[in-house]
Amino acid sequence: MTLISIDGVSRRFGQVTALDTVSLDIRQGEFFALLGPSGCGKTTLLRILAGFEQPDDGKVLLDGEDLLAVPPHRRPVNLMFQSYALFPHMSVEKNVAYGLERERLPRQEIRDRVGGVLETVGLAAQARRRPHELSGGQRQRVALARAIVKRPRLLLLDEPLSALDKKVRAEMQLELKRLQNEVGITFVVVTHDQEEAMSLADRIAVMRGGRVEQVDAPVDLYERPRTPFVADFVGANNLFEGRVTGKGLEVDELGVLPAPPSRPGEGAGLAEGSRALLAIRPERIRLTPLTRSDEEPGEHGGGLTGEVVDVSFYGGTSHVALSVPGHEGHVLAATQGPARVDVGVRVALSWAAGDATLLQV
C-alpha cells in the first residue's frame with residue numbers, strides 16, 4: 001500500500017533546478033533510500049516531505065491527502081538531523097521526552113513512552129546521562145529514540161550515520177533495520193553512501209541532477225542498472241562503449257566483447273548496429289594467467305588480455321587492477337580471498353555474456 005505519493009515535484013532556487021518533475025511512490029512500512037551524489041536534490045526532497053521547503057510544482061500526498069497543505073508541526077512526519085541536534089544540558093530521557101512534553105501529554109504517558117523507546121534502542125541504562133557522556137553510536141540512538149517516540153507515520157533520516165566510524169556505522173546499520181522492522185514506521189533515508197543504501201533499504205531511488213534515474217530493490221539495482229549513470233555510480237563496474245552486433249559488443253581496438261544478444265524491437269538503443277555501453281561487474285570477470293606459448297587475443301573468451309598492475313587484499317576479497325591495451329583506464333576484477341595473480345603477470349580476461357549488461361548510450 002502506498003503511503004507517500006510524490007507526483008511531478010519541482011523545486012528551483014534562482015537559475016538552479018534542484019528537483020525536476022520528480023515522481024515517486026513510497027510504500028507503507030518500507031525502508032526507502034534516496035541515493036545520489038551531492039547536489040542531486042535528495043535533501044531538498046527530504047525537506048519538502050518535512051515541510052521545510054515548498055515545491056514550485058507538483059503534489060505530495062500522504063494516504064491520499066494533500067501533505068503540502070499541512071504545516072510542518074502538524075505533519076505525522078519526523079526528521080532526524082545529520083548532526084543529531086541533541087540538547088547538551090539535558091539527560092538522555094529529557095532529550096527523548098522533549099517533543100512529548102511540548103505536546104503537553106500526561107506525565108505518566110510520557111514516562112511510559114520514553115521508557116519503552118529507550119528499551120527498544122538499548123539505552124535504558126543510560127537514561128540519566130548527558131550527550132557528552134555517550135559514544136557517537138549512543139548519541140545516534142538517542143536522536144533516533146527522540147524521533148520515533150512521537151510515533152510518526154514517516155521518519156526522515158538525513159545522512160544518519162555519516163558521523164560514525166566504520167565499525168560503529170556497520171553496527172548501526174543493523175540496528176536501524178531492526179528498529180524499523182520492530183516499530184513498523186516507514187523510514188526514508190538520504191545518503192550518498194552506496195553500501196549504506198544497499199544494506200538498509202527495501203528499495204532505492206538513485207537521483208542525478210534533480211531527477212530520478214532508477215527505482216529498484218538493491219539486488220535489481222546492482223545487477224540490472226538501466227542507465228549508464230546508475231551502472232557507474234552503484235558499486236564498481238567496468239564500462240566499454242561500442243557497437244551492438246549479433247555476437248556481442250564490438251569495441252574499437254578491443255574486438256567483440258561477450259554481451260547479451262541484441263533485442264530488436266525492445267529498445268532502439270539495443271538494436272543491432274546501434275551504439276551501446278557494456279557494463280560488467282568486477283566479480284564476474286575471470287582471470288587466466290598466460291604463458292609465452294599462449295596465443296594472442298581471440299582464444300580467451302572475449303579476446304581481452306592485460307597485465308596486472310595492482311593487487312589489493314580486503315580480507316574477504318581481492319581487487320585486481322589490470323592494464324588492457326586499447327582501453328583507457330584500468331579494468332577491475334574481484335576474486336574471493338587472496339588473489340592468485342601477481343603484479344606484472346599477463347592474463348586473459350573473460351566473462352559469460354549473460355553476466356554483462358547492455359545500456360543505451
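I shall go from the protein as a whole to one of its sheets.

Please bear in mind that this is a predicted model. The protein has eight helices and 20 strands. Its C-alpha trace spans about 85 × 45 × 35 Å along the principal axes.

How much of the protein is buried? Of the 361 residues, 47% are buried. The accessible surface amounts to about 17,800 Å², and carbon and sulfur atoms account for 47% of that surface. As for charge, the protein carries 43 positive and 48 negative charges, whose mean positions lie 9 Å apart.

Next, contacts along the sequence. If we take contacts between residues at least 6 apart in sequence, 66% of them join residues at least 24 apart.

I now turn to the sheet. In general, the strands of a sheet pair through backbone hydrogen bonds, in either a parallel or an antiparallel manner. Here we have an open sheet of five strands with antiparallel pairing, and the order is S15-S19-S16-S17-S18. Which strands stand at the edges? They are S15, residues 286-289, and S18, residues 330-336. Each has a single partner strand, and therefore one side of each is left without a neighbour in the sheet. On average, neighbouring strands of this sheet are turned by 45 degrees against each other, with direction ignored.

Finally, one pair within this order. Strand S16, residues 304-313, and strand S17, residues 317-323, are joined by six bridges in the antiparallel sense. As one example, Phe 313 has Ser 318 in S17 as its bridge partner.

Conventions
Residues are numbered from 1 along each chain as its sequence is written. This is a predicted model: local features need pLDDT of at least 70, side-chain atom pairs count only at pLDDT 80 or more; totals for chains, interfaces and linings use all residues. Side-chain values use heavy atoms; hydrogens and water are left out. Two strands pair if DSSP finds at least two bridges between them. Helices (H or I, at least four residues) and strands (E, at least two) are DSSP runs, numbered from the N terminus. Axes are lines fitted to C-alpha atoms, for helices over the stretch in contact, and angles run from 0 to 180 degrees between N-to-C directions. Buried means under 20% relative accessible area, exposed over 50%, partly exposed in between (1.4 Å probe, protein chains only). Contact means heavy atoms within 4.5 Å. Accessible areas come from the Shrake-Rupley method with a 1.4 Å probe; for residues, only the protein chains shown count as cover. Lys and Arg count as positive and Asp and Glu as negative; His and the chain ends are not counted. The place of a charge is taken as NZ of Lys, CZ of Arg, CG of Asp or CD of Glu.
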